[in-house]
Amino acid sequence: MMMTARGRPLSYYVLAGLMALLLIFLYAPMLCVYILSFQGPDGGMSFPMVGWSFHWFEVLFEGTGGHGIGDVPNSFRRSVRLAAFVSVLSTVIALSAGMAYRRKFPGSNFVFYSAIAAMVLPGIFIGFGIALTFNLMGWTINWWSSGIGAQLTWSLPFGLLIMFIVLGRFNPAYEEAATDLGANARQRFQMIILPIILPGIVGIFVSSITSSYEENARTQLNVGLGNTMPMEVTGLLTGSSTPVLFAIGTLTSLFMFALILGSVLLMGWMARRRAARSEL
């Protein structure tokens, strides 16, 4: 194997270069969006920049419809509300299913593959099927019924896979030791299992928020009155677009990065706390 002067194989630098190119490919377009969101009032949707200002952020917060903003503030609130409910339900259901699948039960494979199938089926057909079912049953389509159900078909399978991976790496010796010390089922779950798998639970919660926030195909026929954020942005793209779309992208990215950073800090704090307890 060819080695460099520092002792690293040449393949290390080749792979590092490929990784750097991938990061540039992913984040360079986002960087352009962030820069263009600070266009001046007379700026357009492309370079060169026509001044620098916070004009389009002001337009976004003021909700000035004449600038092509549509109903973005209300759409954002709908998306956040949906994401909150979907993330909580996905986390609770995934955790419950993960604990149930620690032991085999009749029909477990059928239930598992039925849930995972929602990941590979076209989202537009799933959304259409849910809307058609509600129509045939005479039920009203609302965000809190059909909307949440449609988004769960997308976020829940990912949550299940994460939970199965986390519990698959769980060492049952800890639980057996707690049993030997007289802990019952509730105490074993609350004091042994839950603290160990908590970072995975946080990961499910965060991934469910992001998957719900960006979901469009399954949601557009089942959310009822009003658009979600992806639906509103899609509508704005078909009309007269302005740099307010870039402002939306910048604020959304900041929100998601803050969510990810907060989750990383929370998991780091939990790891330090668990390490401190183990030293006692």
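How many aromatic pairs does the structure hold? The structure holds 13 aromatic pairs, where rings of Phe, Tyr and Trp (its six-membered ring) are taken to pair if their centres lie within 6.5 Å, and where planes under 30 degrees apart count as stacked, over 60 as edge-to-face and the rest as tilted. This is a predicted model, in which local features need pLDDT of at least 70 and side-chain atom pairs count only at pLDDT 80 or more, whereas totals for chains, interfaces and linings use all residues. Residues are numbered from 1 along each chain as its sequence is written, and side-chain values use heavy atoms, with hydrogens and water left out.

One of these pairs is formed by Phe76 and Tyr213, whose ring centres are 6.3 Å apart and whose planes stand at 75 degrees, so the pair is edge-to-face. This pair links distant parts of the chain, since Phe76 lies in helix α3 (residues 72–100) and Tyr213 in helix α8 (residues 185–214), 137 residues apart; helices here are DSSP runs (H or I, at least four residues), numbered from the N terminus. Phe76 is partly exposed at 33% relative accessibility, whereas Tyr213, at 7%, is buried (buried means under 20% relative accessible area, exposed over 50%, and partly exposed in between, with a 1.4 Å probe and protein chains only).

The rings of Phe112 and Phe164 have centres 5.5 Å apart and planes at 45 degrees, so this pair is tilted. Phe112 in helix α4 (residues 108–120) and Phe164 in helix α6 (residues 143–168) are 52 residues apart, and their pair likewise links distant parts of the chain. Phe112 is partly exposed at 21%, and Phe164 is partly exposed at 23%. Together with Tyr101, Phe105 and Tyr113, Phe112 and Phe164 form one aromatic cluster.

Note on methods. Helices (H or I, at least four residues) and strands (E, at least two) are DSSP runs, numbered from the N terminus.
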